[in-house]
Amino acid sequence: MNTQVQSDPHAAAAWVARQAEVMAALSKVLPREALLHRREDTVAYECDALTAYRRAPMLVALPESEVQVSAVLKTCHALGVAIVARGAGTGLSGGALPHEQGVTLSLARLNRILRIDPTARTATVQCGVRNLAISDAAAPFDLYYAPDPSSQIACTIGGNVAENSGGVHCLKYGLTLHNVLRIKGYTADGEMVEFGSEALDAPGLDLLPLVVGSEGMLAVVTQVTVRLTPKPQTARCIMASFDSVETAGSAVANIIAAGIIPAGLELMDRPMTAAVENFVHAGYDLQAAAILLCESDGTVEEVDEEVERMRSVLERCGATRLEVSADEEQRLRFWSGRKNAFPASGRISPDYMCMDSTIPRKRLAEMLRAIEKMEQKYGLRCVNVFHAGDGNLHPLILFDANDPDQLHRCELFGAEILETSVRLGGTVSGEHGVGVEKLNSMCVQFSAAELEQMLAIKRAFDPDGLLNPGKAVPTLHRCAEYGKMHVHRGLLPFAELPRF
Amino acid sequence: MSPTPDAPTDPALVRLIDQVRTAQDEVRPVRIRGGGSKDFYGGTLTGELLELEQLRGICSYEPTEMVITARAGTTLRELEEALSEHGQHLCFEPPRFGAGGAQATLGGMVAAGLAGPARAAAGGVRDFVLGACVLNGRGELLRFGGQVVKNVAGYDVARLFVGSMGVLGVICEVSLKVPPLPAASASVELACEEAEALHLMQAWTRAALPVNASAWRAGVMRVRLCGAAAAVRSARERLAKQSGVRTLEPEAAVPYWTALRDQSDAFFSAPGAPAVSLALWRISVPSTTPPLDLPGETLIEWGGAQRWLYSHASPQKIRETAARAGGHASVFRAEPRAPDFLAPISAPLERIHRALKKSFDPAGIFNRGRLYPWM
């Protein structure tokens, strides 16, 4: 029960009565142990990995089968109860933040791998299967599932679909969308739907890209068929140092201009490098203004050829130090710092806030300069890791959440990074999703008509607005309050709405 | 920053918006048309022509970003010429249907969502659309997606327009990801029967050979390998040794794949092609589907995932066979044209289709009947 409800005895009584009503209805379709209603049981579900936002759900339902998922949806639909689907809860934008009058639908028990087809190179799995578990199951066939979000040990494929998750290797192998063939799920009223197919297309409008990345707002995904990729024979990584972020940025552009698509292309600035070196002792160059990790994978011949081309571009672009991994151990050591960027930041600061915007690659240096200015302006430090190959930034703003003023400055800092990203031609979220965290920033990126069209799409799938309401797409009213809707074609947005 | 065409200064766009608003006010159906290279394709053609020829030109092209943005009426020829100057390409090989791409347009390419021989390896049109600026039925110009590869802000509406056959709105401008041309390519040929060809296509791809395209027809399989020079060379040598494939010289290979892509291959167009009065079916199935139990002439592409068919079998039989295999069959070309060219969809999906159509095009003016008779 949230504080607002607690403080109002009438609201509290109504909430308790409603909880009992929904509980009774769901008890008819789920076994008793698959329903949690006591505060001490539901507390584990009150946030995802964006822990700054917490809310207790009214109930938590833990179905074990797709039939049960459908039954829960039908029951909630009949009662007009909101549903928040949840996988492993590793999301970084609050997409799984509960609804205080709603049911959190934990799909973690739908964790069966249904079929691995090595010939077709596909895996059909239930939504609660962990990302890495798919690759583990495919490994005996020398296949793997390519998208590799950093939480892949824990995150589920259903959550990956909801967020269209990326990862270090998506420059070459694509995002979740590019690796999903078919989704089976249920609409808000519990009807079974399939998007895509095991063929390369399906008849009618292509709804798959709409559902992938829709943050659980259009349908509840229960089954996913993914494409598996043959494991590359080998991989080698180049670690290059640069004496300015400008030269590092131009090296990235030149790699792409040379027609090379690295398997991974990652950049860390000096403060980030110092933080991770302290943590993993990988031998990073602490003098460098920026470190670039550039990976090639494929057959041995292919990798040798590509590494030579990469090396020559990096040298020409002014790399001050350059090392090519000689073996797998060294390659993993090169990556160890990058992969530990978040925990390393956690060691140098009580808290950090991870941003996730994308900008055109050529604006990288400009963006990093702007962030330096913001550090002065807000009096907070920021360390930067960057999926340089696809322009996806992860600035980590360091702060102490126990100091309300720092938290406030951190939020302003983050919002300015996002707004700057939009101004530079980018987007407020590259791979973590909008959730609740970036709702206001959506008002900066999209016009009223664009947001209204998205809300209309939501209604087309879910006319009663029961699936994860209030996430991903802000209402026009909210944008008016935020006062940041961009002026579109010279028209004042929401002229009709009252201002506060 | 904004890839949105600037309404006040672009007369073609101003006129277009005006035409759409008038059409909506008067509830007058319009038929959106780029170069007309795909007039033959889809359900019925209804309404007054809404021509996009004037809305053309490349807005921005950044080879180092691998992104090109162009107006919908830009021809594929213009687009591909600009890309090839910088060693990049439309790697999904959209069919140009003649005139060397001087007729087919970017907007039509997206609306039809058709891809060529490289589809199975490289991805489809949808995989390379990064953003689009579209005009809905209320005459509102909307921009979705953007010019960056990773973007999860809001629903991915730009990609919904791929293959929408114009029923949701007018595509005005599109941003595409444009990868580099492969460093090397080689094509090989092998005489074999259909079942063996399907088996080999699967086996070679699974063995991580750089298979970029494959086709089988009338006892001959051809496969194109693309990638790093060393990888292509070693794959070709391995296939020659292990399967006895013959290398196709580029003078023969390039025109062959181009003809498949543009459907100028004899199978699609030559006089005396198997009964020209028969409909050409496009059957999309999981690639591992064994030879389909249907009479007629067939051409297989995409490692088995796309099968073209001229057949005397009934449409019902063809559709059932495809559905049983986990796929679907569509009438690609027929005279007279088939209003229900696509396989039907489930009731919940149909409900979503109708609601989506209404959300974009409340008056129902765009391309009535082009996707489904009921839309």
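**Close-up views of a predicted two-chain model**

**View 1. Ser214(A) and its surroundings.** A polar atom of the Ser214(A) side chain lies 2.7 Å from the backbone oxygen of Val211(A), polar contacts being pairs of N or O atoms within 3.5 Å in which, within protein, one atom must be able to donate a hydrogen and the other to accept it, residues adjacent in sequence counting only if both atoms are side-chain atoms. The model is predicted, so local features need pLDDT of at least 70 and side-chain atom pairs count only at pLDDT 80 or more, whereas totals for chains, interfaces and linings use all residues. Residues are numbered from 1 along each chain as its sequence is written, chains are lettered from A and ligands numbered from 1 in the order in which they are written, and side-chain values use heavy atoms, with hydrogens and water left out. Ser214(A) belongs to the loop between helix H8 (208-211) and strand S10 (220-227) of chain A, where helices (H or I, at least four residues) and strands (E, at least two) are DSSP runs numbered from the N terminus. With a relative accessible area of 2%, Ser214(A) is buried (buried means under 20%, exposed over 50% and partly exposed in between, with a 1.4 Å probe and protein chains only). Residues up to four places away in sequence aside, Ser214(A) touches Ala162(A) and Tyr155(B), contact meaning heavy atoms within 4.5 Å.

**View 2. Arg159(B) in helix H6 of chain B.** Arg159(B) lies in helix H6 (residues 157-160) of chain B and counts as buried at 5% relative accessibility. Its side chain reaches the backbone oxygen of Arg126(B) at 2.8 Å, and the side chain of Arg159(B) also makes a polar contact with the side chain of Asp156(B) (2.8 Å). Beyond its neighbours within four places in sequence, Arg159(B) is in contact with residues of both chains, including Leu177(A), His178(A) and Pro209(A) together with Asp127(B) and Val129(B).

**View 3. Helices H14 and H15 of chain A.** The axes of H14 (residues 364-378) and H15 (residues 404-423) of chain A come within 10 Å and cross at roughly 155°, the axes being lines fitted to C-alpha atoms, for helices over the stretch in contact, and the angles running from 0 to 180 degrees between N-to-C directions. H14(A) is therefore roughly antiparallel to H15(A) (angles under 35 degrees count as roughly parallel, over 145 as roughly antiparallel, 65 to 115 as roughly perpendicular and the rest as oblique). Among the residues that meet are Met367(A), Ile371(A) and Met374(A) in H14(A) and Leu412(A), Phe413(A) and Ile417(A) in H15(A). The residues of this contact divide into 8 nonpolar, 2 polar and 4 charged, with Ala, Val, Leu, Ile, Met, Phe, Trp, Tyr, Cys and Pro counted as nonpolar, Asp, Glu, Lys and Arg as charged, and the others, Gly among them, as polar.

**View 4. Helix H11 of chain A against helix H8 of chain B.** H11 (residues 300-316) of chain A and H8 (residues 229-243) of chain B pack at an angle of about 160°, with their axes 7 Å apart, which means that H11(A) is roughly antiparallel to H8(B). Glu301(A), Glu302(A) and Glu305(A) in H11(A) meet Ala229(B), Ala230(B), Ala231(B) and Ser234(B) in H8(B). By class, this contact has 3 nonpolar, 1 polar and 3 charged residues.
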